[in-house]
Amino acid sequence: MEAVLVRLKTETMEKPSFSDGAVLEEGGALMKDGEELRGAEGGQVDRQTPRKTSSCRSSRKSFRLDYRLEEEVTKSCQTKNGRWTNPWSTWRFPSWSMLLRFFLLDKNNSNIPSVQDLDHELPVIKPYFVQNPDLLDPDPGLRVTWLGHATVLVEMDGLNILTDPIFSQRASPVQFVGPKRYRGPPCTVEQLPRIDAVVISHSHYDHLDVGSVASLNARFGGELRWFVPLGLMDWLMKMGCENVMELDWWEENCVPGHDDITFVCTPSQHWSKRTPLDDNKTLWGSWSILGPDHRFFFAGDTGYCPAFQEIGRRFGPFDLAAIPIGAYMPRDVLSGQHVDPQQAVQIHQDLQARQSVAIHWGTFALANEFYLEPPVLLREALEQKGLKPGSFFTLHHGESRLIVSQDSGVFL
């Protein structure tokens, strides 16, 4: 019984509830300003408008960049019952029979070995800022440190940015049951350098961790700005976070005092859930962070969809992208919500990323592929595409890499 509990998947605990006509046709989601968004069956889909019930919301900075020709992009959309939905034909959620087979019958091939073997295959090292804090550079250009799963520290143009922080041992509402890390975090929240901004992709427990949010808020307080998709501001404010920016897809904001770095909430193909009844009541998304000298993209958690081509056309090329490569088997169950390594490489190309770092692997056993398969398939996919191995790389837990910019006339 314990083994079954440990194998609980964070993101497939319960099927989201969709009303009829919830999934939109891909073409129906493309729109220009002023056009009315309609669902696949012609029914009108509500568009979220900024609410003004909070000072954080009413003070939202909504400046516009000089977008690439203001071309069409996919806007977020909701069903008539107010739940968010994916507007692409690539989206699918597994049926109940698939989920039952996944949980009860499918073989788990992750085969997590002993700690001794893990220390050899997936070492956890102390980050440079723990080993030697004197090496911290107030403006290193662009440096990335993988802290496990989808958590990366990005030092970019003078800002320190943390993505989907999880430092807890379990991705779960409680710490005595649920998916447990087989590789621990390489540092604690207390050992982190100054953090200026946190971006959250969605509400699942392996990406929005209550313990990590509480610890970050206790240490940094109102000096830390949180960027979240629509619907998550209230949750963070209840956690005591004061400086929260809640954005829709394609909306932008910045960190006070750093107006030259723009945070854009961009689309992804996923879903949200934290309780039995809140299916898709909060939006999910990726993040495009655009600085004066560098551009960084964080995919969060996603299936493959046409949005990445739109993001690449509008904001690319990116100096660095953080793209998931794990938790993808079996494909008939997880293809809609998690890319496999081959699709991750396609996203890398869609974004026009000069380099990408692999995330969402090697930390939690959330699916059934062998725990070391994702980087192997990643290398094979790069070779098939004729791309250099270093263009999409993996890091050890706690390892850092300094990204060298290339002057190629990045659009600003």
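Predicted model: local features only at pLDDT ≥ 70, side-chain atom pairs only at ≥ 80, totals over all residues.

Numbering runs from 1 along each chain as its sequence is written, and side-chain values use heavy atoms, with hydrogens and water left out.

**Stop one.** Select D206, H207, D301 and H360, which an unreviewed UniProt entry annotates as "binding site" (annotations may be inferred rather than shown by experiment). They're spread over 155 residues of sequence, yet cluster in space, with a largest C-alpha distance of 10.0 Å.

**Stop two.** Zoom in on H207, in the loop between strand 8 (197-199) and helix 6 (210-220); helices (H or I, at least four residues) and strands (E, at least two) are DSSP runs numbered from the N terminus. H207 is buried at 0% relative accessibility, where buried means under 20% relative accessible area with a 1.4 Å probe, protein chains only. Now show D164: its side chain makes a 2.7 Å polar contact with that of H207 (N or O atoms within 3.5 Å, one able to donate a hydrogen and the other to accept it; residues adjacent in sequence count only if both atoms are side-chain atoms).

**Stop three.** D301 sits in the loop between strand 14 (295-298) and helix 8 (307-315). D301 is buried too, at 2%, and its side chain has a polar contact of 3.1 Å with the side chain of H207.

**Last stop.** Color S212, V213, L216, N217 and F220, buried residues of helix 6.

Definitions and conventions. Buried < 20%, exposed > 50% of the residue type's maximum accessible area, 1.4 Å probe, protein only.
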